[in-house]
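Please open the structure in your viewer and keep the selection tool at hand.

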Amino acid sequence: MGRIIRDFKAWVGHGVDLVRILKFNFRNPHSYTKFRMICSFKEKAGCHVLIEAGTYHGVMADRCSAIFDKVYTIELDEGLARRASCYLRDKRNVSVICGDALKILSGILEKDEVRDVLVYLDGHFSGEGTACGELAEPAVEELNVLSKHKSKVHAIVVDDFRSFGTEAGFPSKSSLLKSAEDAFGGGSFEITVHLDQPLIVKKEV
Ligand SMILES: C[S@@+](CC[C@H](N)C(=O)[O-])C[C@H]1O[C@@H](n2cnc3c(N)ncnc32)[C@H](O)[C@@H]1O
């Protein structure tokens, strides 16, 4: 029943987003809109594995388990990670990993079976009840880590672009984009910003 209510609210939110796009009045996308964006980038970049930084309740990991062969989701807060593991216990292709995504991303990407990866960077302090690591928003440093695994990473989506430079402790928008260009600029990746999400996608060869 919980999932039915969740999905109903998500579809209403997605409908609101579509109307806002038609009116050129777009704001922070609702969760189902973000899921549809991930679906579209997955197809564009030919990804089979998702690595999500920031699990929270596990809603995105749950949805993405239906479209990816394997989902790794990393949550820093022990309580949230435990509850998400419980919520996702029926999803055989989802692994919930408790820890700091900045420290865990490399280890996942070094596994032989992990390739054709879409990375969703959404692991940041999000207010009361969520974790704050050494960095409130580690996406700049995470891009640097991901640049060491370019052969496996096909696409990177960074969520909540509007919060960079405005939320306490978040790096500026310019430093995020500079980090994306320093790490992935120069030819083989396309870098754009799409509906509140910087997007780095490997070009087709
Ligand atoms: C915006 S929520 C994630 C929402 C989730 N991706 C979704 O779409 O359903 C951000 C989460 O990141 C977690 N977090 C904060 N810093 C983190 C870090 N360094 N590594 C992993 N998770 C982190 C927070 O505890 C919070 O649960």
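**Stop one: the ligand and its shell**

Begin with the residues of the shell around the ligand, which divide into 12 nonpolar, 7 polar and 5 charged. Bear in mind that the model is a predicted one. Which of the 24 residues around the ligand come nearest? Select Gly54, Tyr56, Met60, Gly123 and Gly133 to see them. Next, colour strand S1, helix H3 (59–64), strand S2 (70–75) and helix H5, the elements that each give two or more residues to this shell.

**Stop two: Tyr56**

Keep Tyr56 selected; this residue is among those that come nearest to the ligand. Tyr56 belongs to the loop that runs between S1 and H3. Its phi is near 55°, a positive value in a residue other than glycine. Is Tyr56 buried or exposed? Tyr56 has 21 other C-beta atoms within 10 Å, and a residue with 20 or more counts as buried; Tyr56 is therefore buried.

**Stop three: Leu195**

Now move to the loop between strand S6 (189–194) and strand S7 (197–202), and select Leu195 there. Leu195 also has a positive phi, of about 45°, although it is not a glycine. With 16 C-beta neighbours inside 10 Å, Leu195 counts as partly exposed.

**Stop four: helix H6**

Select helix H6, residues 139–146, and display the side chains of its buried residues: Ala139, Val140, Glu142, Leu143 and Leu146. Turn the view so that you look down the axis of H6; the buried residues fall within an arc of 160°, so they line one face of the helix.

**Stop five: helices H1 and H2**

Finally, select helix H1 (residues 2–22) and helix H2 (residues 31–45). At what angle do H1 and H2 pack? The angle is about 75°, and the axes are 7 Å apart. The two helices, H1 and H2, are therefore roughly perpendicular to each other. To view the contact, show Ala10, Trp11, Gly13, His14 and Asp17 on H1, and Ser31, Tyr32 and Thr33 on H2. Coloured by class, the contact of H1 with H2 has 3 nonpolar, 4 polar and 1 charged residues.

Definitions and conventions:
Residues numbered from 1 in each chain as written. Predicted model: local features only at pLDDT ≥ 70, side-chain atom pairs only at ≥ 80, totals over all residues. Buried ≥ 20, exposed ≤ 12 C-beta atoms within 10 Å, placed from the backbone. Helix = DSSP H or I, 4+ residues; strand = E, 2+ residues; numbered from the N terminus. Arc of directions from axis to C-beta. Near = placed C-beta within 6 Å. Nonpolar A, V, L, I, M, F, W, Y, C, P; charged D, E, K, R; others polar. Axes fitted to C-alpha atoms, helices over the stretch in contact; angles between N-to-C directions. Parallel < 35°, antiparallel > 145°, perpendicular 65-115°, else oblique. Contact = placed C-beta atoms within 7 Å.
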